[in-house]
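Subject: Structure for your review

Dear colleague,

Please find below the structure that I am handing over to you. My notes on what was found in it follow directly after.

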Amino acid sequence: MPHPPPRSTGPRPAPTPPRPVPWLTLEDHCAAGPDWVCEACGEAWPCLAWTSLPVDSSLRRALLPSFVGLTRQAIRDLRGRPEGPEPPEIVTRFLWFLPLNDDEARATALRLR
Ligand SMILES: [Zn+2]
């Protein structure tokens, strides 16, 4: 009986991960204060994994409650930093799925801080 060949311990090419299903990978793309940088891709959060989602009314309904809370937290964390975004910018960044104009973003920022 021949022995099975020994397992190669040399370097192997990195496996190519299968193309992820967006909803399943979103939970990796999370962030928390005070920096609000995505843990998966290191970008300002919400990162492209979130902002590239096709927005419709059911997505808005699903995201709104938690993202309002996150926006409030992010305003507390980020405002007042020397190069940090202004509260209305934080609102449009975190609530990208809502069609807010500048005035509405400002009004929302005032209500959330
Ligand atoms: Zn990300």
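**The nonpolar core**

The largest nonpolar core has eleven residues: Leu63, Ala74, Ile75, Leu78, Ile90, Val91, Phe94, Leu95, Phe97, Ala105 and Ala109. A nonpolar core here is a set of buried Ala, Val, Leu, Ile, Met, Phe, Trp, Tyr and Cys residues joined through C-beta atoms within 7 Å. A residue is buried if 20 or more other C-beta atoms lie within 10 Å of its own, exposed if 12 or fewer, and partly exposed in between, with C-beta atoms placed from the backbone. At least two residues of this core come from each of helix H3 (57-78), helix H4 (87-94) and helix H5 (102-112), and H3 gives the most, with four residues. Helices (H or I, at least four residues) are DSSP runs, numbered from the N terminus.

Please note that this is a predicted model: local features need pLDDT of at least 70, side-chain atom pairs count only at pLDDT 80 or more, and totals for chains, interfaces and linings use all residues. Residues are numbered from 1 along each chain as its sequence is written.

**H3 against H4**

The axes of H3 and H4 come within 9 Å and cross at roughly 145°; axes are lines fitted to C-alpha atoms, for helices over the stretch in contact, and angles run from 0 to 180 degrees between N-to-C directions. On the H3 side, the contact is made by Phe67, Leu70, Thr71, Ala74, Ile75 and Leu78, and on the H4 side by Pro87, Ile90, Val91 and Phe94. Two residues are in contact if their C-beta atoms, placed from the backbone, lie within 7 Å. Nine of these residues are nonpolar, one is polar and none is charged. For this count, Ala, Val, Leu, Ile, Met, Phe, Trp, Tyr, Cys and Pro are nonpolar, Asp, Glu, Lys and Arg are charged, and the others, Gly among them, are polar.

Phe94 deserves a separate mention. Leaving aside its neighbours within four places in sequence, Phe94 is in contact with Pro46, Phe67, Leu70, Thr71 and Ala74.

In H4, the buried residues are Pro87, Ile90, Val91 and Phe94. They cover an arc of only 100° around the axis, which puts them on the same side of H4; the arc is that of the directions from the helix axis to the C-beta atoms. H3 and H5 are among the elements that cover these residues.

In H5, Ala105, Thr108 and Ala109 are buried. Their arc around the axis is only 105°, so they lie on the same side of H5. These buried residues pack against H3 and H4, while the face turned away from them carries the exposed residues Asp103, Leu110 and Arg111.

**The loops**

Glu86 is placed in the loop between H3 and H4 and counts as partly exposed because it has 14 C-beta neighbours inside 10 Å. The C-alpha atoms of Glu86 and Ala109 are separated by 9.1 Å, although the two residues are 23 apart along the chain.

The loop between helix H1 (22-25) and helix H2 (48-51) holds Pro34, and the peptide bond from Gly33 to Pro34 is cis, with omega near 0°. Pro46 is also in the loop between H1 and H2; a cis peptide bond, with omega about 0°, joins Trp45 and Pro46. Trp36 lies in this loop between H1 and H2 as well. Phi of Trp36 is near 55°, a positive value in a residue other than glycine, and Trp36 counts as partly exposed because it has 19 C-beta neighbours inside 10 Å.

With kind regards
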